[in-house]
Protein chains: 2
Amino acid sequence: MTTRGPAEAPVPMPKAFASRLGLMLVRVGDEMSQRGQQALEELGISGRDYTALAVIAADQPRSQLELARMMGKAPALCVALIDELETAGLAQRVRDPEDRRRSIVSLTSAGEQLLERADAIADEVAAAVLDGLSADELGAFRDLTRRAVTETTTEYQADVART
Amino acid sequence: MTTRGPAEAPVPMPKAFASRLGLMLVRVGDEMSQRGQQALEELGISGRDYTALAVIAADQPRSQLELARMMGKAPALCVALIDELETAGLAQRVRDPEDRRRSIVSLTSAGEQLLERADAIADEVAAAVLDGLSADELGAFRDLTRRAVTETTTEYQADVART
DNA sequence: GAAGAATGATTCAACTTCTAAATCATTTTT
DNA sequence: AAAAATGATTTAGAAGTTGAATCATTCTTC
């Protein structure tokens, strides 16, 4: 287990990140990721764990493969991921009686409770990252971001050697 | 060299990603990152290379260490990164005559030209990611994001073992 | 101005995260 | 019943990153 050590001298935001929208988006996402990761340590879970918990709860994937697709990750990764959640008592696998190849993943009540706390932490971190915006601006930003997110699709694409 | 292979069945955006602002920010950032990475392959550079080029051009760091801090990465990483850019003829190191410990990194004219093309690609990708927004909304979103980014600071924090 | 502390670049070993490919079980198709 | 497809899992390995150690140079301070 590690924690963030003494900070190096903080550097003002480079101009480059404020000049192009693409770089800004990546920057804000990374900032949220890193601070969120750090804040979630208090609950003993990673950012990836939190994402999995949130997707399992909200979207109820009908198999691990569907969960993997929703998360945009390789199916193999989800095996270890769910193993961890299961060991931690946060999630459980149940063989689908209608198709015994599938494992339906669901949260335990402990998992649901932890998710609530993780959601609260994520909200705090998001508020901190967007500290500079007024309440009105924050609302507008949230709506616009939701619109942008909603109209995208996730897909897991495999790397393939070029011929 | 690899490229993105045939897509798996694209899955609709999970509800979980549209429910909390923190998850949305990470999601949009990742989407931009991945699509940008893919689009930049055409220029033979990675997303990280593009970030470095943009920071070097816009912020003119006075040493590799300052560049590392601006990028939020470990100094060791920047050695290999700049080696690559130098080998590709995109950047060059010059020993600072006033402090010969420092290497001042700057773009070659080839680097500047490539950066212009990369900027254009990044703009295209950003527009595609935010496809669902109208022109007005896009403008508002850009301003709000810039405000959010500008008031943050970058810092590289080392991992430290907990005692 | 010499000795020691601080700063910057670099190398190296290790760690984390992730993926492709192969394997096995189960279901679907023919 | 045989063959193909689908889902979970294991294994080996790639890619990106970091901490610590090392060397060169500059700064501090006595």
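I call a residue near a molecule or strand if its C-beta atom, placed from the backbone, lies within 6 Å of it.

**Entry 1: ground rules.** I am working with a predicted model, in which local features need pLDDT of at least 70 and side-chain atom pairs count only at pLDDT 80 or more, whereas totals for chains, interfaces and linings use all residues. Residues are numbered from 1 along each chain as its sequence is written, and chains are lettered from A and ligands numbered from 1 in the order in which they are written.

**Entry 2: chain A.** I looked up the elements, which are DSSP runs numbered from the N terminus (helices: H or I, at least four residues; strands: E, at least two). Chain A has six helices and six strands. Read from the N terminus, their order is β-β-α-α-α-α-β-β-α-α-β-β. Along the principal axes, the C-alpha atoms of chain A fill a box of roughly 55 × 45 × 35 Å.

**Entry 3: DNA strand C.** How many residues surround DNA strand C? I found 20, and the closest are Ala74(A), Ala158(A), Gln64(B), Leu65(B) and Ala76(B). At least two residues of this surface come from each of helix H4 (75-87) and strand E6 (157-161) of chain A, and helix H4 (64-71) and helix H5 (75-87) of chain B. H5(B) gives the most, with three residues. I sorted the surface by class: eight residues are nonpolar, four polar and eight charged. Here Ala, Val, Leu, Ile, Met, Phe, Trp, Tyr, Cys and Pro count as nonpolar, Asp, Glu, Lys and Arg as charged, and the others, Gly among them, as polar.

**Entry 4: the contact between chains.** I counted two residues as in contact if their C-beta atoms, placed from the backbone, lie within 7 Å. The contact takes 72 residues from chain A and 72 residues from chain B. Helix H1 (residues 21-40) of chain A provides the largest share of the side of chain A that touches chain B, 14 residues. By class, that side has 36 nonpolar, 16 polar and 20 charged residues.

I also looked for strands that pair across the chains (DSSP finds at least two bridges between them). Strand E2 (residues 11-12) of chain A and strand E5 (residues 153-154) of chain B pair in the antiparallel sense over two bridges. Which residue of E5(B) is the bridge partner of Val11(A)? The partner is Thr154(B).
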